Amino acid sequence: MHVLVDKNKCHGHNRCVALADEVFDVDDEGFAVVVLDTIPPEQHDKVRRAELACPERAITIEE
Ligand code: SF4
């Protein structure tokens with residue numbers, strides 16, 4: 001699994017960080033960044049929850 005954050009859509013709510021803090025972090029401008037190139041299986045459920053929780057639909061999962 002790979003995850004992308006569209007910076008043009010991200011509004012920096014940081015719900016993704018709250019739900020999966022080993023996958024998402026916040027950059028200097030307050031927007032979400034993905035810190036892992038490949039998401040390990042034990043993080044998949046958290047990432048799917050983060051994708052669903054993102055109000056801007058800024059998170060894309062590639063299986
Ligand atoms: S939840 Fe969505 S909009 Fe909010 S910081 Fe994460 S990617 Fe950005």
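Which residues does D25 touch, not counting residues up to four places away in sequence? D25 touches V17, V33 and V35, where contact means that the C-beta atoms, placed from the backbone, lie within 7 Å. The tour returns to D25 below.

**Before starting**

This is a predicted model, in which local features need pLDDT of at least 70, side-chain atom pairs count only at pLDDT 80 or more, and totals for chains, interfaces and linings use all residues. Residues are numbered from 1 along each chain as its sequence is written.

**The whole chain**

Show the chain as a cartoon. It has 2 helices and 4 strands, counted as DSSP runs (helices H or I, at least four residues; strands E, at least two) and numbered from the N terminus. The order of the elements from the N terminus is β-α-β-β-α-β.

The C-alpha atoms fill a box of roughly 30 × 20 × 20 Å along the principal axes.

Of the 63 residues, 22% are buried. A residue is buried if 20 or more other C-beta atoms lie within 10 Å of its own, exposed if 12 or fewer, and partly exposed in between, with C-beta atoms placed from the backbone. Among contacts between residues at least 6 apart in sequence, 57% join residues at least 24 apart.

Residues 2-5 form strand β1. Its covered face holds V3 and V5, and its uncovered face holds H2 and L4. In a regular strand the side chains alternate between the two faces of the sheet.

Residues 59-62 are strand β4, antiparallel to β1 and joined to it by 4 bridges; strands pair if DSSP finds at least two bridges between them. Within this pair, V5 stands opposite I59.

**Select the core**

Which residues touch the most other members of the largest nonpolar core? Among its 14 residues, they are C16, A20, V23, F24, V47, A50 and I59. Such a core is a set of buried Ala, Val, Leu, Ile, Met, Phe, Trp, Tyr and Cys residues joined through C-beta atoms within 7 Å. The elements that give two or more residues to this core are β1 and α2.

Pick F24 from that set. Leaving out residues up to four places away in sequence, F24 touches C16, V17, A32, V34, V35 and A50.

**Select V17, then D25**

V17 is in helix α1. V17 counts as partly exposed because 17 other C-beta atoms lie within 10 Å. Beyond its neighbours within four places in sequence, V17 is in contact with F24, D25, V26 and A32. V17 and V34 are 17 residues apart in sequence, with their C-alpha atoms 9.5 Å apart.

Now move to D25, in strand β2 (residues 24-26). D25 is partly exposed, since there are 14 other C-beta atoms within 10 Å. A distance label from D25 to L36, C-alpha to C-alpha, covers 10.0 Å, and the two are 11 residues apart in sequence.

K9 is in the loop between β1 and α1. K9 counts as partly exposed, with 14 C-beta neighbours inside 10 Å. Setting aside neighbours within four places in sequence, K9 is in contact with E56, R57 and A58. K9 and P55 are 46 residues apart in sequence and 9.6 Å apart in space, C-alpha to C-alpha.

N14 also lies in the loop between β1 and α1, and its phi is near 65°. Most residues other than glycine have a negative phi. N14 is partly exposed, with 16 other C-beta atoms within 10 Å.

End at R57, in the loop between α2 (44-53) and β4. R57 has a positive phi of about 55° although it is not a glycine. Is R57 buried or exposed? R57 is exposed, because it has 10 C-beta neighbours inside 10 Å.

Key
Two residues are in contact if their C-beta atoms, placed from the backbone, lie within 7 Å.
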